[in-house]
Amino acid sequence: MNLLILSVVFIIYLFFLVVYVGYIAYKRTDFSEDYLVAGRDSHPYIMALSYGATFISTAAIVGFGGIVGKYGMSILCWHF
């Protein structure tokens with residue numbers, strides 16, 4: 001398949017997907033609380049997963065960056 005056609009189709013698909021999801025979210029948002037904390041209607045399990053993913057991601061970025069700065073780039077082979 002031609003790369004140009006594939007790229008155009010992917011960009012159009014992605015654009016319409018983002019616009020559609022944005023529109024649905026816009027229609028469901030009445031107050032700033034709806035936007036910031038999901039209308040206080042999110043399950044604690046979802047909040048815990050979000051917190052865990054954020055914490056692990058931040059620790060990996062900051063932690064591995066510090067270790068690489070201290071020991072050098074050769075330490076990166078331990079991560080993968």
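What follows is a short walk through this structure, from its overall layout to a few of its residues.

The model is predicted. Its mean pLDDT is 81, and 86% of the residues reach 70 or more. Among the elements, helix H1 has the highest mean pLDDT, at 89. Helix H2, residues 32–37, has the lowest, at 69.

Start with the layout. The protein has 3 helices and 0 strands. Read from the N terminus, the order of elements is α-α-α.

Now take helix H1. This helix covers residues 3–28. Asn-2 caps its N-terminal end. There, a side-chain oxygen of Asn-2 lies 3.3 Å from the backbone nitrogen of Leu-4. From its first C-alpha to its last, H1 reaches 37 Å. That is close to the 38 Å expected for its 26 residues at 1.5 Å a residue.

How many residues of H1 are buried? The count is 0 of 26, and the helix is hardly covered. Leu-14, a residue of H1, shows what this looks like for one side chain. Its relative accessibility is 40%. Buried means under 20% and exposed means over 50%, so a value in between counts as partly exposed. Leu-14 is therefore partly exposed.

Leu-14 also belongs to a nonpolar patch on the surface. An α-helix has 3.6 residues a turn, so residues three or four places apart point the same way.

Move on to helix H3, residues 44–71. This helix has 28 residues and reaches 39 Å from first C-alpha to last. The expected span is 40 Å, which is close. Just after H3 comes Gly-72, with a positive phi of about 105°.

Finally, step back to the whole protein. Of its 80 residues, 2% count as buried. The accessible surface comes to about 7600 Å². Carbon and sulfur atoms account for 73% of that surface.

Definitions and conventions:
Residues are numbered from 1 along each chain as its sequence is written. Side-chain values use heavy atoms; hydrogens and water are left out. Patches are made of residues with over 30% relative accessible area and no salt bridge: like charges are joined within 9 Å, nonpolar side chains (Val, Leu, Ile, Met, Phe, Trp, Tyr) within 5 Å. Accessible areas come from the Shrake-Rupley method with a 1.4 Å probe; for residues, only the protein chains shown count as cover. A salt bridge is a side-chain nitrogen of Lys or Arg within 4 Å of a carboxyl oxygen of Asp or Glu. Helices (H or I, at least four residues) and strands (E, at least two) are DSSP runs, numbered from the N terminus. Buried means under 20% relative accessible area, exposed over 50%, partly exposed in between (1.4 Å probe, protein chains only). pLDDT is the predictor's confidence in each residue, from 0 to 100. The expected span of a helix is 1.5 Å times one less than its number of residues. A polar contact is a pair of N or O atoms within 3.5 Å; within protein, one must be able to donate a hydrogen and the other to accept it, and residues adjacent in sequence count only if both atoms are side-chain atoms.
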